[in-house]
Amino acid sequence: MVKTVVATGTSSGLGFEAIKQLLQQSEPYHFILGVRDATKTQAKYDCLDFDKSKHTITVFSLDLLSLASVQSFAGNVLSQLGAQTLDYLFLCAGMLDSADGPGPNGSPWCSGCVVNHLAQHYLIHLLHDTLSTSQSRVVVVSSGAIRRVRDQNPETLDVDLKANSKAGVRTVYSASKFVQLLGALNWRRELLSCTVIAVSPGLIPSTNLATDLGLSMDMPDAKTIPEGAQNLLRAFAATDLPSDPEQIFLTSWGEWWPKDVYALALDEKLQKNGV
């Protein structure tokens with residue numbers, strides 16, 4: 001049976017590579033992808049060598065800086081799905097930006113917060129009923145940066161993630177990915193019929209995000225983009241799910257992080273406030 005995957009952040013980097021690897025599998029997939037430049041991205045996928053009689057790819061426009069665009073994309077997804085099951089929601093989009101300017105489209109939050117958390121959280125909300133009925137697996141691409149919330153104090157999130165806060169790129173990225181994990185933990189409780197997994201690709205210096213941070217392949221534990229994509233795809237196939245519903249973080253080396261690593265994110269009140 002064909003597996004349907006709805007995904008963000010698949011026009012380049014880890015997301016593109018992950019879809020490319022799935023296209024080489026014997027199991028047939030139908031991909032519904034949301035990207036900023038749908039025409040350019042569709043052409044990139046059309047140029048790949050894969051069995052087009054087995055796999056199908058539909059690309060829709062999606063600008064995660066605009067909640068109106070998220071709403072439009074969700075509508076396209078639901079129309080495309082019809083009565084089909086949504087097997088996987090793959091949230092791979094991310095951005096690296098400081099909070100030096102105004103928020104996108106008048107948002108009180110900085111662009112990094114909107115893209116890395118709010119817009120994709122809104123997408124889950126819009127697809128909620130379909131995800132629940134389909135018993136989908138929701139794969140959220142996370143990061144070890146969640147451990148670097150400023151001062152290990154959640155009160156700094158409301159400061160650093162605001163538009164014009166002047167917070168630097170590392171601070172915004174860590175804070176936004178932490179709030180993203182809060183959202184994933186909240187959805188793990190809300191979407192009881194679904195499997196929600198946060199997964200880290202590891203240290204991947206050759207992505208655009210990592211390049212902007214000045215990372216290099218000379219660093220210990222550095223991995224290539226194909227290796228990082230393989231790490232993400234573990235979350236698609238993992239069957240060794242922990243019995244504890246709060247243990248949702250799959251590491252890049254294939255183990256489930258103990259909860260004490262992200263204990264700061266386990267406060268249910270904080271999770272609800274974060275979403």
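Trainee: Is Ser134 buried or exposed?
Mentor: Ser134 counts as buried, because its relative accessibility is 16% and buried means under 20%. Keep in mind that we are looking at a predicted model.

Trainee: Where is Ser134 found?
Mentor: Ser134 belongs to helix H5, which covers residues 128-134.

Trainee: And what does its side chain reach?
Mentor: The Ser134 side chain reaches the backbone oxygen of Thr130, at 2.8 Å. If you leave aside neighbours within four places in sequence, Ser134 is also in contact with Thr85 and Leu86.

Trainee: Which other residue has a positive phi although it is not a glycine?
Mentor: Asp151 does, with a phi of about 60 degrees. You'll find Asp151 in the loop between E5 and helix H6 (157-160). With a relative accessible area of 62%, Asp151 is exposed.

Trainee: Okay, helices now. Where does H4 bend?
Mentor: Helix H4, residues 111-126, bends by about 30 degrees at Leu118.

Trainee: How many of the residues of H4 are buried?
Mentor: H4 is mostly covered, with 12 of its 16 residues buried. Among them are Cys113, Val114, Val115, His117 and His121.

Trainee: And H9, how far apart are its end C-alpha atoms?
Mentor: They are 19 Å apart. H9 has 13 residues (225-237), and at 1.5 Å a residue it should span 18 Å, so the two values agree.

Trainee: Which residues of H9 are buried?
Mentor: The buried ones are Ile225, Gly228, Ala229, Asn231, Leu232, Leu233, Ala235 and Phe236.

Trainee: What covers them?
Mentor: The cover includes strand E1 (3-8), helix H1 (13-22), strand E4 (88-91), strand E5 (137-141), strand E6 (195-199) and strand E7 (249-250).

Trainee: Can you pick out a residue in H1 for me?
Mentor: Take Ala18, which is found in helix H1. Ala18 is buried, with a relative accessible area of 0%. Ala229 and Leu233 are among the buried residues of H9.

Trainee: How far is Ala18 from Leu241?
Mentor: They are 21 Å apart in space, C-alpha to C-alpha, and 223 residues apart in sequence.

Trainee: Changing topic: how many aromatic pairs are there?
Mentor: Searching the whole structure gives seven aromatic pairs. Take Tyr29 and Phe31: their ring centres are 5.5 Å apart and their planes are at 20 degrees, so this pair is stacked.

Trainee: Are those two buried or exposed?
Mentor: Tyr29 counts as buried at 3% relative accessibility, and Phe31 is buried with a relative accessible area of 0%.

Trainee: Which residues form an aromatic cluster?
Mentor: Phe249, Trp253, Trp257 and Tyr262 form one.

Trainee: And which charged end sits over the ring of Phe16?
Mentor: That is Lys44, with its charged end 4.3 Å from the ring centre of Phe16. Lys52 lies over the face of Phe50, also with 4.3 Å to the ring centre.

Trainee: Which side chain makes a polar contact with the side chain of Thr58?
Mentor: The side chain of Gln80 does, at 3.4 Å.

Trainee: Last one: where does Ala265 lie?
Mentor: Ala265 lies in the loop between E7 and helix H10 (268-274). At 0% relative accessibility, Ala265 counts as buried.

Trainee: What does Ala265 touch?
Mentor: Leaving out residues up to four places away in sequence, Ala265 touches Phe178, Leu181, Leu182, Leu185 and Gln271. Ala265 and Phe178 are 87 residues apart along the chain, with their C-alpha atoms separated by 7.4 Å.

How values were computed: Residues numbered from 1 in each chain as written. Predicted model: local features only at pLDDT ≥ 70, side-chain atom pairs only at ≥ 80, totals over all residues. Heavy atoms only, no water. Helix = DSSP H or I, 4+ residues; strand = E, 2+ residues; numbered from the N terminus. Expected span 1.5 Å × (residues − 1). Buried < 20%, exposed > 50% of the residue type's maximum accessible area, 1.4 Å probe, protein only. Contact = heavy atoms within 4.5 Å. Phe/Tyr/Trp six-rings, centres within 6.5 Å; stacked < 30°, edge-to-face > 60°. Lys NZ or Arg CZ within 6 Å of the ring centre and 35° of its normal. Polar contact = N/O pair within 3.5 Å; in protein donor to acceptor, adjacent residues only side chain to side chain. Bend = angle between axes of the 7 residues up to and from the residue.
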